Structure formats: C-alpha cells, structure tokens
Amino acid sequence: MAILPEALLALKGGLRGPALVKDEDGYDMARSIWNGMVDRSPGLIIRCHGAADVMHAVDFAREHDLVVAVRGGGHNIAGNAVCEGGLMIDLSPMDFVRVDPAARRAWVGPGAKLNDVDRETQAFGLALPSGINSTTGISGLTLGGGFGWLTRKLGLTIDSLVSADVVTADGRLLRTSTNENPDLFWAIRGGGGNFGIVTAFEFNLHPVGPEVLSGLVVHSFDQADALLRAYREAVNHAPEELTCWVVMRQAPPLPFLPPEWHGRAVMILAMCYVGDPAGGEKATKELRLLGHPIADVVGPHRLVDWQAAFDPLLTPGARNYWKSHDFETLQDGALDVITQAVRTLPGPECELFIAHVGGAMSRVAPEATAYPQRSAHFVMNVHTRWRESKDDNACIAWARKLFRATEPFATGSAYVNFMPEDETDRVEKIYGANYRRLAELKGRYDPRNIFRMNQNIRPAQ
C-alpha cells in the first residue's frame with residue numbers, strides 16, 4: 001500500500017480518531033483480534049470515533065482502491081476484521097450504549113460488546129437477545145443474525161432491530177428501517193457486512209431478569225450415547241422459555257467438579273430458563289434427571305453473569321478453527337459420528353457444542369430477513385482451540401474430518417458467524433432462496449465489492 005504523505009495528512013486532518021501506520025503507538029493493539037491464528041498487518045488503521053470518520057475512511061479506501069477490513073468486536077472466527085496491507089476501519093472506539101427504559105429501546109454503537117449492552121439494559125430489567133460470549137461484538141453478531149440463550153423466547157438479535165445507520169460504499173450515510181431504505185434493512189439482517197458499515201443500531205428491548213434460572217449439569221462422557229438421545233427427545237417438547245445446549249469436551253478445572261474429573265471427557269448440559277423460577281424448576285426437571293450427573297449447578301443467576309459464564313474458556317489470543325452444520329433433527333447416525341469424534345479430541349481446549357434453537361425465531365418467514373434458516377433446528381459447532389502453531393494441522397484436520405462425516409445428516413444451511421475463512425464456496429448455498437436477492441442488492445449498494453472481507457456475496461452484474 002503506497003499512499004502519498006500529503007494524502008495521508010489530508011485524511012488525518014478530517015478525522016476525529018487517529019489514523020495509524022505500522023510501528024505507531026496503538027497499531028499492534030488495534031490489529032490484534034480474538035483469533036490468535038490471524039496475524040495480519042494493515043497498511044493503515046483508522047480508529048473511528050463517529051459516523052463522519054467512517055465516511056471519510058470509506059471515501060479514502062474507494063479513491064485509493066484499497067482492500068477494506070472492518071473491525072467491530074474483532075471476535076469473528078474467520079479473522080476478516082483485519083487485512084494484509086490494506087485499510088482496517090476500526091469501530092471499537094464507537095462503543096456507546098444508550099437505553100430509553102420507558103420506550104424499551106437501546107441505541108448501540110458498532111464497537112460495543114455484548115457485556116456493554118447487557119450491563120446497560122439490565123440496569124432497567126431489560127435485555128436484548130444476543131449471543132453466549134460477553135466479549136463478542138454486537139455488530140458482527142447482529143449482521144450475521146445473532147442467536148443465544150434468549151432466542152427461543154425472544155427471537156434472533158435481528159428480530160429486535162428497529163433501525164440502523166449505514167455508511168454505504170459510495171460514502172453516504174443512510175438510515176435503514178422497514179420504512180426507510182427497506183431493501184437495505186432486509187439485507188443487513190443476516191447478510192453480514194456485505195452492504196455497508198453500520199455506525200449505530202436501534203433495538204427493541206424486552207423485560208428479562210435481572211435473574212434467570214441457569215447453569216450446568218455435568219455428566220461423564222461414558223453416558224453420552226444414551227444421554228444425547230434422551231436430550232433430543234426432551235428438548236423437542238421443551239417450552240420456549242427453556243434453552244438447553246450440549247457441550248462435549250475435556251472437563252476444565254471448574255471449582256464445583258471433583259479434582260479427579262479435571263481433564264476427563266464430559267458431556268455438559270448448559271441450560272437457561274427465562275421466566276418464573278417455579279416454572280423453570282418444572283421445565284428443567286426432565287433434563288436434570290437424566291443419567292447420573294457428576295454435578296448440577298443449575299440455579300438462579302444474574303443474567304449478566306450467566307451471559308459471561310463461558311468467557312474464561314474463550315479468552316482472546318488462542319488459535320481457533322471452527323466448522324459448523326445445521327441439523328433439522330439429531331439423527332442416530334450423526335450422534336454416533338459425533339460421539340466417536342469426541343473420543344479423539346485433539347486437545348484439552350477443543351470442544352463440540354450443539355445448540356437447540358427455534359421458538360420465536362421460527363415464527364418469522366425465511367424470506368422476511370436475509371437470515372434464511374428459520375425452522376426449529378440444531379446448530380453444531382466444532383470448535384478446535386489450541387496454543388501452539390505446531391498443533392495447527394492436527395486440530396484443523398480433526399475439525400474438517402468431523403465436518404465431512406456429519407455432512408450427510410445436515411440441512412446445507414449454516415450460521416454465517418460460525419464459518420471460517422476457507423468456506424467461501426459455501427456462501428451461496430447457505431443463503432438458499434435469499435441469495436439471488438442479496439446478490440442483486442450487493443450490485444446496487446456495493447458494485448465494486450469494496451466490502452469483500454467477509455463471507456462474501458458477489459454483486460450481481
């Protein structure tokens with residue numbers, strides 16, 4: 001990237017935030033993201049402090065034909081928040097959250113993380129349905145759809161989105177909603193960062209908390225074959241207030257587990273009930289009575305604490321690679337493949353989880369938003385995580401092998417936020433019937449494909 005000094009000087013004069021080049025203070029911090037496998041050096045990083053900075057950055061990239069990467073929380077598994085040699089537009093300073101408790105609305109900046117949103121909204125007993133790791137960025141989560149503990153009761157994150165301010169590839173700032181630029185509003189609800197850079201989100205909030213019934217039930221993995229089949233039946237008739245996911249891994253040194261179980265393979269039922277505690281005790285009873293648990297720590301917890309419960313296992317800096325499938329149901333063949341694979345985990349931080357979604361999200365038509373998979377289903381995420389580059393090949397090969405072995409049982413759709421950077425050939429298939437409209441809108445809003453550091457939707461000609 002070769003930028004004339006006078007052009008860079010003129011750019012800096014129009015910005016509120018700093019524009020950083022290599023070796024300047026703050027450069028390495030800004031280019032460091034959650035996935036430690038990604039080590040790229042942008043030619044320039046603009047740390048945006050407002051929509052005007054974003055507009056200047058986009059204009060500069062367009063005029064100098066630069067590759068553009070956009071960072072919100074920097075948590076994306078594919079590492080698309082940072083590019084090599086191009087322009088990184090860093091939104092992390094724009095982390096504002098403003099709540100109107102009377103209107104049950106929140107205005108959120110693209111640099112905010114889930115814990116920023118949770119703490120502000122829970123001060124008023126309100127919540128936004130979002131993800132499961134509190135350090136995830138709200139921007140990337142929302143643009144990909146957004147699901148988590150509150151999805152079955154309240155829908156996807158995008159189902160609570162009221163409006164957004166978007167800087168498009170031509171440098172304009174557009175407000176999008178069901179009434180203003182509705183086609184763009186449709187596209188950003190699941191279409192990722194393909195259509196522009198969101199500088200502000202407006203969300204509806206919902207009465208939740210401040211406590212929910214939540215926690216873990218931990219089993220020996222020796223019981224997994226029978227437990228998974230019993231789990232499959234139990235969640236199929238669970239109320240929408242209850243979400244229960246399965247995590248399979250080597251047991252971390254959790255304080256409530258006997259020391260002799262640390263490092264041994266376990267199957268964990270992670271559950272959250274949103275509603276009356278007495279109703280929660282009744283709703284979780286069947287799942288908690290399954291098998292012979294090593295530990296049951298389900299009880300009342302503050303929602304903000306439960307949303308951060310898995311943070312210690314997902315700290316930044318480790319090397320991460322994911323593979324993911326959607327299943328309409330958990331067929332016996334798929335469960336057999338999964339349990340066999342877990343018996344050969346390539347490392348102590350590697351895991352596989354199965355999320356059960358549906359309920360409120362499934363009552364939205366597939367064509368109503370860009371996010372395509374609205375039916376009740378299970379999401380499998382194969383999450384390999386390790387520390388040393390010498391383990392790259394073994395961990396990635398294990399994840400890919402399991403992905404291929406479970407493909408015959410999958411729907412073909414996937415959660416775009418769980419896709420690694422080597423799955424560009426899968427994008428059209430996962431959007432299904434919505435892809436053609438997305439490509440047409442990409443051709444209208446970003447015909448030069450400036451925003452291509454993502455799970456890219458190519459502009460229709």
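Reply: Start with strand S8 (residues 161-167) and strand S10 (residues 197-204), which pair in the antiparallel sense over six bridges. Strands here (E, at least two residues) are DSSP runs, numbered from the N terminus. Two strands pair if DSSP finds at least two bridges between them. In general, strands of a sheet pair through backbone hydrogen bonds, either parallel or antiparallel.

A word on the source: this is a predicted model, where local features need pLDDT of at least 70, side-chain atom pairs count only at pLDDT 80 or more, and totals for chains, interfaces and linings use all residues. Residues are numbered from 1 along each chain as its sequence is written, and side-chain values use heavy atoms, with hydrogens and water left out.

Back to the strands. Val166 has Val198 in S10 as its bridge partner. S8 also pairs with S9, in the antiparallel sense, over four bridges. There, Ala164 has Thr176 in S9 as its bridge partner. The hairpin of S8 and S9 has five residues between the strands, and Gly171 takes a positive phi near 85 degrees in it.

Now the whole sheet. It is open, with five strands in the order S5-S6-S10-S8-S9 and antiparallel pairing. Strand S5 (97-100) and strand S9 (173-176) stand at the edges, each with a single partner strand, so one side of each has no neighbour in the sheet.

Finally, look along S9. Its side chains alternate: Leu174 and Thr176 point to one face and are buried (under 20% relative accessible area, 1.4 Å probe, protein chains only).

How values were computed. Buried means under 20% relative accessible area, exposed over 50%, partly exposed in between (1.4 Å probe, protein chains only).
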